[in-house]
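Morning, everyone. Please bring up the model on your screens. I'll go through it region by region.

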Amino acid sequence: MTVHVELEAPVTGRRDRVTGRRRREVTVDELEVLAHALAVPLLLLIFPVGDLDRVPTTPLEPAVHPRMAWKTATGAEPPVRVHTDDKPYADRSTIGRNGLTRLEAWRTVVRPIELYQQLSDETQHMIKATGRLTHLDQVKQGHFSEAQHLREVRQHHLTEMATLMETMMDSGIRTPAYDAQTAQDIIETGLLARPEALQALPASAEDD
């Protein structure tokens, strides 16, 4: 995807030694504003997945396969370096003179992403089961066994959600808030050591 943006103000910043054009670094805030203005996912402004066969990750490293670039950007894979065989491997170079390797540092910070993704997946499964149950109740159709199966599926995902949230709380990771009914259902699984820490969305937020 190629994006052309007309700038009303003159572009300022350092002049490129090769082209002579001025350029400047873009802040994260500016990138977020630009993504919103263009209705483009933020990561697509950084990694043009779907537009190139190889996507650059850092200016000094060779470009990698779009799938690898996307996975490293979302935290699904550690940062990589392309070796002489043209294959990407986990970056084990050190940060600073005597610091952690980049792979070690990645492992220490990626846990919230993993837990949030798992929680998001379980939440979606729970919502889907709830929607199907609601539909059966509204149309007054479907066998009792089907409804019972959906209740069991919903309860399973509520249990998984509670387990993940307990892990997050133990790790000092803030858990997202849920609507009052879902929050109560999670608490009733009995898996939260501190159920009072689970926040429920206010009624106005639920309506939105």
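In which helix is the place of Pro66? Pro66 sits in helix H3, residues 66-73. Helices here are DSSP runs of H or I with at least four residues, strands are runs of E with at least two, and both are numbered from the N terminus.

A word on the source. This is a predicted model, where local features need pLDDT of at least 70, side-chain atom pairs count only at pLDDT 80 or more, and totals for chains, interfaces and linings use all residues. Residues are numbered from 1 along each chain as its sequence is written, and side-chain values use heavy atoms, with hydrogens and water left out.

Back to Pro66. Pro66 is buried, at 11% relative accessibility. Buried means under 20% relative accessible area, exposed means over 50%, and partly exposed is in between, with a 1.4 Å probe and protein chains only. Leaving out residues up to four places away in sequence, Pro66 touches Val49, Leu52, Asp53, Arg54 and Val55. Contact means heavy atoms within 4.5 Å. Pro66 and Gly50 are 16 residues apart in sequence, yet their C-alpha atoms are 7.5 Å apart.

Now the whole chain. The protein chain has eight helices and four strands. The order from the N terminus is β-β-α-α-α-β-β-α-α-α-α-α. Of its 208 residues, 25% are buried. Take the contacts between residues at least 6 apart in sequence: 39% of them join residues at least 24 apart.

Next, the cores. In soluble globular proteins, nonpolar side chains tend to be buried together. A nonpolar core here is a set of buried Ala, Val, Leu, Ile, Met, Phe, Trp, Tyr and Cys residues joined through side-chain atoms within 4.5 Å. The largest one has 16 residues. Those with the most contacts inside it are Leu119, Met161, Met165, Tyr178, Ile186, Leu192 and Leu198. Helix H5 (111-139), H6 and H7 each supply at least two residues of this core. H6 gives the largest share, seven residues.

Look at Tyr178. Beyond its neighbours within four places in sequence, Tyr178 contacts Leu119, Thr123, Met161, Met165, Ala183, Ile186, Gln199, Ala200 and Leu201.

How do H6 and H7 pack? Helix H6 (residues 144-170) and helix H7 (residues 180-187) meet at about 80°, with axes 9 Å apart. So H6 is roughly perpendicular to H7. Roughly perpendicular covers 65 to 115 degrees; under 35 is roughly parallel, over 145 roughly antiparallel, and the rest oblique. The axes are lines fitted to C-alpha atoms over the stretch in contact, and angles run from 0 to 180 degrees between N-to-C directions. From H6 come Arg154, Leu158, Met161, Ala162 and Met165; from H7 come Thr182, Asp185 and Ile186. By class, that contact has five nonpolar, one polar and two charged residues.

Between those two helices runs a loop, and Thr175 lies in it. Is Thr175 buried or exposed? Thr175 is buried, with 11% relative accessibility. Setting aside residues up to four places away in sequence, Thr175 touches Tyr116, Met165, Met168, Met169, Ala197 and Leu198.

Another threonine in a loop. Thr101 lies between strand E4 (88-90) and helix H4 (102-109). Thr101 is buried too, at 16% relative accessible area. Not counting residues up to four places away in sequence, Thr101 touches Arg92, Ser93 and Thr94. From Thr101 to Asp91, ten residues apart along the chain, the C-alpha separation is 7.6 Å.

Last, backbone angles. Most residues other than glycine have a negative phi. Ala39 is not a glycine, but its phi is positive, about 55°. Ala39 is in the loop between helix H1 (28-38) and helix H2 (42-46). With a relative accessible area of 69%, Ala39 is exposed. Asp86, not a glycine either, has a positive phi of about 70°. Asp86 lies in the loop between strand E3 (80-82) and E4.

That's my tour. Thanks.

Notes:
Ala, Val, Leu, Ile, Met, Phe, Trp, Tyr, Cys and Pro count as nonpolar, Asp, Glu, Lys and Arg as charged, and the others, Gly among them, as polar.
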